[in-house]
Amino acid sequence: MSETTGSQLPAGTREPAARGTSQTRGIWIALASSAAFGISGSFARGLFEAGWSPTAAVAARMAGAAVVLAIPAALAMRGRWVLVRTNWLSILLFGLFGVGACQLCYFLAVQRLDVGVALLLEYLAPVLIVLVLWARHQKRPSAATIAGTLLSLLGLVAALDLTGTSRIDPIGVLWGLGAAVGLTVYFFISAKVDGALPPIMLSAGGMAVGALSMLLVGSLGILPMTFAAGSGSFAGFQAPWWLALSGLILIATVFSYTTGVMAARELGSKVASFISLTEVLFAVLWAWLLLSELPGLVQLFGGLLIVAGVVLVRVDELRAVRKER
């Protein structure tokens with residue numbers, strides 16, 4: 001068999017191979033992003049054990065990430081600060097709801113529910129998106145989308161294990177659904193924001209707005225803002241508060257958002273968001289390894305139904321986009 005060098009290959013042959021390599025790299029980056037996002041609940045639980053309130057944890061997470069992302073965001077702007085002025089409303093709403101409210105509701109849910117169950121509730125956002133679009137445009141979704149929505153709702157009932165032995169805090173469930181609403185806003189704003197605004201600037205601005213909103217909530221006494229110098233338990237070992245906070249900022253926020261942007265550039269937003277569904281599975285895995293939390297069989301089955309339903313909705317959405325083209 002004769003060998004052929006890369007330089008001898010026709011251009012049409014090299015380009016698909018390059019695209020394949022880019023897609024493979026993008027998939028691994030997207031999985032790394034999901035794994036980093038998924039560990040946020042475990043780090044947050046460590047801060048709660050150390051004596052922190054959810055409001056304080058979200059404020060510190062957002063403020064720390066905003067500081068770390070400030071310089072890269074400024075470099076990405078390349079002096080085009082007019083984009084910030086023209087997109088100030090999107091940045092404000094992104095920070096208030098897509099970042100601040102979403103993360104606060106999720107952390108409040110984690111305080112009362114297992115990490116996996118709380119995240120499953122948050123990831124009902126695609127179902128809410130279907131319902132909102134249906135109500136807004138008065139256009140009946142396709143059969144596949146309706147089937148995926150019903151499958152996810154059935155999975156929610158199973159994940160909550162209402163008839164089982166697991167104790168489900170109804171307040172925690174409401175906070176988890178609040179996180180789903182915040183994530184819904186996150187997706188809508190991300191889809192409509194000016195494409196000329198660098199994603200990292202949207203993230204950094206959103207983090208800053210989210211941190212300020214949490215500080216305002218705490219200072220007004222709406223929710224407790226408690227910082228403490230205690231320690232939390234991870235995999236049977238006691239870890240100081242600063243270690244949990246560092247992991248929450250650097251791994252679960254800065255690294256996860258940065259790799260998420262990289263994945264979106266390699267794969268496109270549709271495929272990248274599809275792979276982000278693995279965050280649910282990673283969250284359950286991290287909670288098992290670090291917190292010894294593992295949902296029961298009925299809850300795990302419910303989680304699979306939710307993921308399957310959301311996947312069905314996503315696949316149907318991608319099919320519709322291809323038909324439009």
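Analyst: Happy to! Let's start with Leu294, which lies in the loop between helix 13 (278–291) and helix 14. Helices here are DSSP runs of H or I with at least four residues, strands are runs of E with at least two, and both are numbered from the N terminus. Before going further, please keep in mind that this is a predicted model, where local features need pLDDT of at least 70 and side-chain atom pairs count only at pLDDT 80 or more, while totals for chains, interfaces and linings use all residues. Residues are numbered from 1 along each chain as its sequence is written, and side-chain values use heavy atoms, with hydrogens and water left out.

Leu294 counts as partly exposed because its relative accessibility is 47%; buried means under 20% relative accessible area, exposed means over 50%, and partly exposed is in between, using a 1.4 Å probe and protein chains only. Setting aside neighbours within four places in sequence, Leu294 is in contact with Val284 and Trp288, where contact means heavy atoms within 4.5 Å. Leu294 also sits 8.1 Å from Asp114, C-alpha to C-alpha, although 180 residues separate the two in sequence.

Helix 14 (residues 297–324) brings us to the largest cavity, to whose lining it gives the largest share, 3 residues. The lining is made up of Tyr123, Leu277, Val280, Ile306, Val307 and Val310. A cavity here is a set of points, on a 1 Å grid over the protein atoms alone, where a 1.4 Å probe fits but cannot get out, and lining residues have an atom within 4 Å of a point. By class, the lining has 6 nonpolar, no polar and no charged residues; Ala, Val, Leu, Ile, Met, Phe, Trp, Tyr, Cys and Pro count as nonpolar, Asp, Glu, Lys and Arg as charged, and the others, Gly among them, as polar. The space in the largest cavity is about 40 Å³, and the count of cavities of 30 Å³ or more comes to 1. Grid points are joined across faces, edges and corners, and a volume is the space filled by probe spheres set on the points.

Gln103, in helix 5 (residues 88–110), counts as buried because its relative accessibility is 10%. Beyond residues up to four places away in sequence, Gln103 touches Val58, Arg61 and Met62. Ala208, found in helix 10 (residues 199–219), is partly exposed with a relative accessible area of 33%.

Now for the strands: strand 1 (residues 231–234) and strand 2 (residues 237–240) pair in the antiparallel sense over 4 bridges, and pairing requires at least two DSSP bridges. They form a hairpin with 2 residues between them, and Ala235 in the turn has a positive phi of about 55°.

Stepping back, the protein has 14 helices and 2 strands, and 47% of its 325 residues count as buried. Among contacts between residues at least 6 apart in sequence, 87% join residues at least 24 apart.

Definitions and conventions:
On a 1 Å grid over the protein atoms alone, a cavity is a set of points where a 1.4 Å probe fits but cannot get out, and a pocket is an open set with protein on both sides within 12 Å along at least five of seven lines; lining residues have an atom within 4 Å of a point.
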